[in-house]
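Hi,

Here is the structure I said I would pass on. Have a look at it first, and then read my notes below.

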Amino acid sequence: MANRFALGVFLVALYVVVSAAGEVYAASYFQQADVYVALLLSFAAVCLIFNLLARHEGDEATVAKWSLLVFVALNVGTAISWIGLFIGLKYAEPAIVVAFMVALGPTATVWLNALIRRQGAPPASDIVVSVTIATIGSYMIWISASGNAGVEWGARSSFGIVLAIVAGLSLALTNILVKLLFDHGFSGRQVLAHRFYGTILLLLGLVDYSSIVPEISQHWFAIAAIGLSTIIVPLLLIQQGIRRVEPFTVNTVLSTAPIITFLFQYFDSRIVPSSHTFIGNALITAVAVGNIYLQYRRSA
């Protein structure tokens, strides 16, 4: 049990590092590029790849009425969380966008897990950690609103943070739904194959079709790099992590993402390093690491 837990935590942690690097790169790229074209091409490729992989898998779980409803909810949540994340990255400091998402994750997951998976009241330690991380998230709001972030505060950055908050709540919901499908016999490839239809449909409604060909011809390498580093590889890693550990543990490891993202921001010249952002990110990471240790001791 302990080895399974350790491997699950490692996979989610690797997801954090890979996606943090990709998100900082994407934030820089989206300043002068069409975000919707890049996302549409990336998610279309992801959907195609995982549908092909799922076809070569063995026995598939039966799709009943309840699982169809779960997949519909998963598609809606996935569309909101991913598109909210990337638009937030375009307008606000990546480390703060990620902090808002993961600060809300553990708090929402504690109660969603109890409600959706019917596991009863969460342990007191989980509640304490959730409240602590949510409190630090409030401090991050002050950092942004007071102009102490790495990106200048304004209407665009506030819009980006609102999207990040909505995306964080949606991310918590999608992690629960994925775990629910795993509990009923669905494989990681099956879930990945069928979770992006809603995202693609929404992007089809947002994209400027006249810019698709020019965007591909001029930025094909950047689009491919963003797709691999922020979507395909991270999804493979986190799906396997979710299979091995509980959703709250997943969200706790994800809480280390802000400090990792902050460090990668040093490679982006448009972002001014902020000690306030670093303190908020470090606090969230410290709470997260401490809780991972408690979770490991509990599973040993």
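Leaving aside its neighbours within four places in sequence, which residues is Thr199 in contact with? Before the answer, a caution: this is a predicted model. Thr199 touches Phe43, Asn75, Thr78, Ala79 and Ile83. Thr199 sits in helix H8, and because its relative accessible area is 0%, under the 20% cut-off, it counts as buried.

On confidence, the protein chain has a mean pLDDT of 82, with 91% of its residues at 70 or more. Helix H8 (residues 197–206) is where confidence is highest, at 94. The lowest is in helix H4 (residues 94–116), at a mean of 74. Where pLDDT is low, the predicted coordinates should not be read in detail.

Now the packing of H2 against H3. The axes of helix H2 (residues 35–55) and helix H3 (residues 65–91) come within 11 Å and cross at roughly 145°, and the crossing is right-handed. From H2, the contact uses Val35, Tyr36, Leu39 and Phe43; from H3, it uses Trp82, Phe86, Ile87 and Lys90. Sorted by class, that makes seven nonpolar residues, one charged and no polar ones.

Phe43 and Phe86 turn up again in the largest nonpolar core, which has 76 residues. Both are among those with the most contacts inside it, along with Tyr29, Phe30, Leu235 and Leu254. Take Leu235: not counting residues up to four places away in sequence, it touches Val46, Trp82, Leu192, Arg195 and Phe196.

Next, a loop residue. Gly150 lies between helix H5 (124–145) and helix H6 (155–183). Is Gly150 buried or exposed? Its relative accessible area is 6%, so Gly150 is buried. Leaving aside neighbours within four places in sequence, Gly150 is in contact with Glu93, Arg270, Ile271, Val272, Ser274 and Thr277. Gly150 and Ala92 are 58 residues apart in sequence, yet their C-alpha atoms are 8.7 Å apart in space.

Last one: Ala282, in helix H12 (residues 275–299). With a relative accessible area of 27%, Ala282 is partly exposed. From Ala282 to Ser42 the separation is 240 residues in sequence and 32 Å in space, C-alpha to C-alpha.

That's what I have for now.

Cheers

Notes: Residues are numbered from 1 along each chain as its sequence is written. This is a predicted model: local features need pLDDT of at least 70, side-chain atom pairs count only at pLDDT 80 or more; totals for chains, interfaces and linings use all residues. Side-chain values use heavy atoms; hydrogens and water are left out. Axes are lines fitted to C-alpha atoms, for helices over the stretch in contact, and angles run from 0 to 180 degrees between N-to-C directions. Helices (H or I, at least four residues) and strands (E, at least two) are DSSP runs, numbered from the N terminus. A crossing is left-handed if the near helix is turned anticlockwise from the far one by less than a right angle, and right-handed if clockwise. Contact means heavy atoms within 4.5 Å. Ala, Val, Leu, Ile, Met, Phe, Trp, Tyr, Cys and Pro count as nonpolar, Asp, Glu, Lys and Arg as charged, and the others, Gly among them, as polar. Buried means under 20% relative accessible area, exposed over 50%, partly exposed in between (1.4 Å probe, protein chains only). A nonpolar core is a set of buried Ala, Val, Leu, Ile, Met, Phe, Trp, Tyr and Cys residues joined through side-chain atoms within 4.5 Å. pLDDT is the predictor's confidence in each residue, from 0 to 100.
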